[in-house]
Amino acid sequence: MPLNHEGLIKEFEYVTKPSEQKHIGEAIENLDPIMQEIAYELITGNNSAVDTLTQKALKEGYTANDVLDDGLLNGMAIVGVKFRDNIIFVPEVLVSARAMKAGMTHIEPILSASGVEPLGTVIMGTVKGDLHDIGKNLCIMMLRGAGFTVHDIGVDSGPEDFIDAVEEHEADIVGMSALLTTTMPNMGTTINTFEDMGLRDEVRIMVGGAPVTQDFADEMGADAYGENAVDAVDKAKDLMELLAELKS
Ligand code: B12
């Protein structure tokens, strides 16, 4: 079915980077009407519509993965682009995140009951001294949606909190978030502590948050930097491949 949902076509016009136009465009060009509708309602933050449509799609025989990949995640990818490009702001992102949650309520139990092997285990936290968690929580939602097991250690997390969580859950990846220029260096402190404890080779570390850049991530010794929640998933997948190569 070609893309014919007027609202979604309009929303896609906000995607202007050629690489994203290709990536997201290919994902949405042949979506069934109900998936186009789910993606659109998620973008506009209509959580009761996302809730109803997700249940309807599941009843009609779409798998939990179909609804997640084709409907919810495509919608969230456009939300991520609009937020980054200052077309929408925090309140709109939160409303879309609430709509995503409404859909995930029906998807998550099916995915966890299906016993699909998780892609990997991720520990996510906001670094010491920092209480911002909206972006971290969005990343967690997307990572879980993509098939990762994620343990959220919350905000104001010191090196020992990350290390304890990695050991307890035998995690593959650590994700650190920071929104304050004053707390960003705590990413480096955490990475150094992993090194000091001889645990640096056990995990791959990714960092993110509005003031964080690729250069800063390199300087701190992180393995990856993620610009947004969609990128967090891509980077986590890359890091899992890297870990698999290292282990083989
Ligand atoms: C909401 C908010 C708050 C809320 C936080 C609520 C919460 N539960 O998170 C409250 C009111 C508590 C707050 C408090 C403060 N805040 Co504040 N806050 C913001 C605000 C408005 C939005 C941040 C946000 O949620 N963005 C939305 C999310 C979706 O974006 P994001 O976090 O960047 O996340 C995305 C990416 O960065 C990435 N990402 C994020 N984390 C990770 C992690 C990984 C691993 C990866 C791969 C990717 C990734 O993916 C996310 C999704 O796309 C910003 C201003 C702004 N417009 O950015 C100021 C801002 C961050 N706050 C600021 C300040 C100064 C403060 C306070 C110090 C204010 C004060 N004097 O008390 C306190 C600090 C409290 C503390 N110790 O942390 C400053 C920071 C300035 C600076 N240079 O450091 C900002 C920039 C405002 C400003 N312009 O001055 N704040």
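Leu-138, Cys-139, Met-142, Leu-143 and Ala-146 of helix α7 meet Ala-229, Val-230, Ala-232, Val-233 and Ala-236 of helix α11. Two residues are in contact if their C-beta atoms, placed from the backbone, lie within 7 Å. By class, this contact of α7 with α11 has ten nonpolar, no polar and no charged residues. Ala, Val, Leu, Ile, Met, Phe, Trp, Tyr, Cys and Pro count as nonpolar; Asp, Glu, Lys and Arg count as charged; the others, Gly among them, count as polar.

This is a predicted model: local features need pLDDT of at least 70, side-chain atom pairs count only at pLDDT 80 or more, and totals for chains, interfaces and linings use all residues. Residues are numbered from 1 along each chain as its sequence is written. Helices (H or I, at least four residues) and strands (E, at least two) are DSSP runs, numbered from the N terminus.

Axes are lines fitted to C-alpha atoms, for helices over the stretch in contact, and angles run from 0 to 180 degrees between N-to-C directions.

| Pair | Axis distance | Angle |
|---|---|---|
| α7 and α11 | within 8 Å | roughly 50° |
| α2 and α5 | within 10 Å | roughly 155° |
| α4 and α6 | 8 Å | about 25° |

The angle makes α7 oblique to α11. Helices α2 and α5 are roughly antiparallel to each other. Helices α4 and α6 are roughly parallel to each other. Angles under 35 degrees count as roughly parallel, over 145 as roughly antiparallel, 65 to 115 as roughly perpendicular and the rest as oblique.

Handedness comes next. A crossing is left-handed if the near helix is turned anticlockwise from the far one by less than a right angle, and right-handed if clockwise. The crossing of α2 and α5 is left-handed. Helix α4 passes α6 in a right-handed crossing. Helix α7 also passes α11 in a right-handed crossing.

The contact of α4 with α6 divides into five nonpolar, five polar and two charged residues.

**Two buried residues**

Cys-139 sits in helix α7. Cys-139 is buried, because 28 other C-beta atoms lie within 10 Å. A residue is buried if 20 or more other C-beta atoms lie within 10 Å of its own, exposed if 12 or fewer, and partly exposed in between; C-beta atoms are placed from the backbone. Leaving out residues up to four places away in sequence, Cys-139 touches Met-124, Gly-175, Gly-208, Ala-229 and Ala-232. Cys-139 and Ala-232 are 93 residues apart in sequence, but their C-alpha atoms are 6.4 Å apart in space.

Met-124 belongs to strand β1 (residues 121–127). Met-124 counts as buried too, with 29 C-beta neighbours inside 10 Å. Its contacts, again without residues up to four places away in sequence, are Lys-136, Cys-139, Ile-140, Val-150, Asp-152 and Gly-175.

**Around the ligand**

The ligand is surrounded by 31 residues, and the closest are Gly-135, Gly-175, Ser-177, Gly-208 and Gly-226. A residue is near a molecule or strand if its C-beta atom, placed from the backbone, lies within 6 Å of it. Helices α6, α7 and α11 and strands β3 and β4 each supply at least two residues of this shell. The largest share, five residues, comes from α7. By class, the shell has 15 nonpolar, twelve polar and four charged residues.
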